[in-house]
Amino acid sequence: MNEAIIGKALAALIPALLLDQQGNLLYANERAAGLVQLDDEHKGGGHYDQIIGKRTRIYWVELCHKLQSGLHASVEMHCLTGEWIEWQLSAIGNEYVLTGHSITSRRRRNDKQVFENLPIGLQQFTPDGYHVDINQVQREIWGDDHPMFTEPDYNIVEDPYYLQAGLSQLFRDALQTRQPVKNEILLRYKENQRGDVTRLQPYYYEATVFPVQSRDAGVTGLFLMLNEITAQKLAAISLEKSERLLDNIVENLPIGYMQFDHYGFLRRVNQTQRRFLGLREGMEATAYNIMSDPFATMYQLDELFVQVMEENRVLRLEKQIDFSLEDTWTDQQKEVWLDITIFPLQDAVDKKQIVVMLVSDITNKKRERRIRTQLQRNTEQLHLFFDAVDMGYATIERNGLITFVNSKAMEMVGIDVKQGSNLFITLPEFSANTPFAIRFTEAMKSEVSETFYSYFSRMDKWYDFMLTPMQDGALSLFIRDITESRKMQKDLYKANNQLNRLNRNLVNQNQQLEDFAHITSHNLRAPIANLKALMQMYVATSQPSEQELYLGMLQEVIHKIDETLNDLVDVVQIRKNDDVEREPLYFAERLQSVKDVLLVDIEVSGIQITTNFDEAPVLEFPRVYLDSILQNLITNAIRYRTLERIPGLHLRSWKERGCIVLTAEDNGLGIDMERFGSKLFGFRKTFHKNKDAKGIGLFITKTQVEAMGGSIRAESTPGRGTKFIITFKSE
């Protein structure tokens, strides 16, 4: 029978494949077997998708659909023999035949047209370097008088000029490595006449040579692509000249100049700064990084660097630095005051951000100011002491050194604190990473007072602190005992919380009882309808396989109904708690559960449900509430679909201002919001002549969302669809 069906094709030596309705190969003649690489053993086996579909990306279902729709059902395939074949599908009885004819010539004409119209120069050579073919752009680059067009034996690889320019080497490298190679080439010069002056203009090109290989990995040809980059190259050369001039200026600045890359590595130091720091030999060649240098960290230079990078602005400050603490990269061994200006720049070449630091020595100026400041500081301490004797008081240097503490303060902390001791070592409650240490650091940075309170477990006391920066950089610390006040506040807070919990409990119990009644009547309707439909289909069919399928589907729906009932019972059992129990829920998992329950409705309506839960996949919410909300959104989209298009529903979730937002957008009938917007979520309110509409689904959804502190609203246009926006409030 097979020979009879394709006998005519065999007689004419036309490639032909015989397939059944599922696309399975029944027979292939010799010509077709050679084109699709079938051996004798597989001429009567395999599937179209494996033989042709995976090579062309046009599979059996799509090809058959074209034929059944009265369209031209064919597919073009490039065979391993080098030929292009167009396979034409036709039906013969209950089977299909694919017949092929060659379209190689047509495809080659198309390739030639693409080659000629490329926006860059492209030229084909033999592996030895002889010209074969060229497009118009490349011909214009060479010029019509080039030897390759006038001398038959011209070889570009052997041309002395291109040997010197490096182009010949690109051909050799591509031939040897069998890989594309690329380089910038000064290819030629051209005379430019400006008035009475004639100048030679260099022309730079980005040259790329790539090989064409045969099936046995041999090179059959070489292609050369030329792309002019003269403007970019000349701009880079000009930039290099300007950089050299700038480098000369920077090197001779009368103030210190230091340059860092965006990672903090030192790139440049001028001679003024080298002399001031006494940099040791080879310092600039080392991988010095301001972000990892302990000495820089000690003086917060790394923080300044980060601040400038993040805020992209100029910072100027005065800083006292003791270079005697650093002995690895500097010979400067004294304590100095520096005027530091630090600012960001963009590197002109690689466009990356760099940071420049300008440094001036102002030690002598600071010494004069410090003498005056010391006198003022002593006066301020004396005044503060007498003004604050009724509370604890101390003065502290930025490094934690205690310069003064009154007796009231020592009484409060319960130990004898010596002047000159370190606050963070003497009192563990003030050590690093404690609230006090954090506020201490903030007060130093902000230069404004910081007020806060903290609990001392050792003393079982609450203290109120105020840290006030002084003009000399030290901080004044005021301490007040607020233990009794805190206890009263705590008792009042507990009483208010207890009252609020009782009120919420009453509200939640009433809400849960009402929700239970609505969910029981509304959310079980769809599953029961599915049960009824499945039972009707089960009774209507006499096929055992279909009956077995419907029984399985019945069991799944019954399981979902049982799960829903159990959840409702759980809600009733927990109504005495403060809140309905929340749990982490994945939108995708709960949606699939609801789709399983609504399987028949979804299949009958043909609704296409799409989702995007990537930005907020998980929600803390009662499971029975979320299932009810999703079920109402889906049934609403099904019930109010339009016959003008395939019904669709898109669900998306994301985070916004600490809440999770869920949107459900359908393409159904839509609602006139001007007429019905205020009644949309009302109890038993319907707006379309739909016999299945009960007017309770959206009411239940709104009640459930608001019971958990959330909100729901809608946007709609008649005839275009409706979009529901639900905001879930975090617990």
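Residues are numbered from 1 along each chain as its sequence is written. Because the model is predicted, local features need pLDDT of at least 70 and side-chain atom pairs count only at pLDDT 80 or more, while totals for chains, interfaces and linings use all residues, and side-chain values use heavy atoms, with hydrogens and water left out. The pLDDT, the predictor's confidence in each residue from 0 to 100, averages 81 over the chain, and 84% of the residues score at least 70. Residues 570-578 have a pLDDT below 50, and beyond near neighbours in sequence this stretch has 18 contacts in the model, a contact being heavy atoms within 4.5 Å.

We can turn next to the interior. In soluble globular proteins, nonpolar side chains tend to be buried together. A nonpolar core is here a set of buried Ala, Val, Leu, Ile, Met, Phe, Trp, Tyr and Cys residues joined through side-chain atoms within 4.5 Å; buried means under 20% relative accessible area, exposed over 50%, and partly exposed in between, with a 1.4 Å probe and protein chains only. The largest such core has 38 residues, and those with the most contacts inside it are Phe 587, Phe 621, Leu 626, Ile 634, Leu 649 and Phe 728. Among the elements that each supply at least two of its residues are helix 21 (587-597), helix 23 (623-639), helix 25 (697-707) and strand 27 (721-728); helices (H or I, at least four residues) and strands (E, at least two) are DSSP runs, numbered from the N terminus. Helix 23 gives the largest share, nine residues. A second, separate core has 27 residues, including Leu 279 and Phe 295.

Helix 23 also takes part in two helix pairs. Its axis lies 9 Å from that of helix 21, at an angle of about 60 degrees; axes are lines fitted to C-alpha atoms, for helices over the stretch in contact, and angles run from 0 to 180 degrees between N-to-C directions. Helix 21 is therefore oblique to helix 23, since angles under 35 degrees count as roughly parallel, over 145 as roughly antiparallel, 65 to 115 as roughly perpendicular and the rest as oblique. Residues meeting here include Leu 591 and Val 594 of helix 21 and Leu 630 and Ile 634 of helix 23. With helix 25, the axes of helix 23 come within 9 Å and cross at roughly 150 degrees, so the two helices are roughly antiparallel. This contact involves, among others, Tyr 625 and Ile 629 of helix 23 and Leu 698 and Ile 700 of helix 25.

Finally, some single residues are worth a look. Most residues other than glycine have a negative phi. Arg 178, not a glycine, has a positive phi of about 60 degrees; it lies in the loop between helix 9 (167-177) and strand 8 (181-194) and is partly exposed, at 33% relative accessible area. Arg 657 likewise has a positive phi, near 55 degrees, in the loop between strand 24 and strand 25, and is exposed at 83%. In helix 9 itself, Ala 174 is buried at 0% relative accessibility. Ala 174 and Leu 222 are 48 residues apart in sequence and 8.0 Å apart in space, C-alpha to C-alpha, and Leu 222 is one of the contacts of Ala 174.

Methods
Lists of a residue's contacts leave out its neighbours within four places in sequence.
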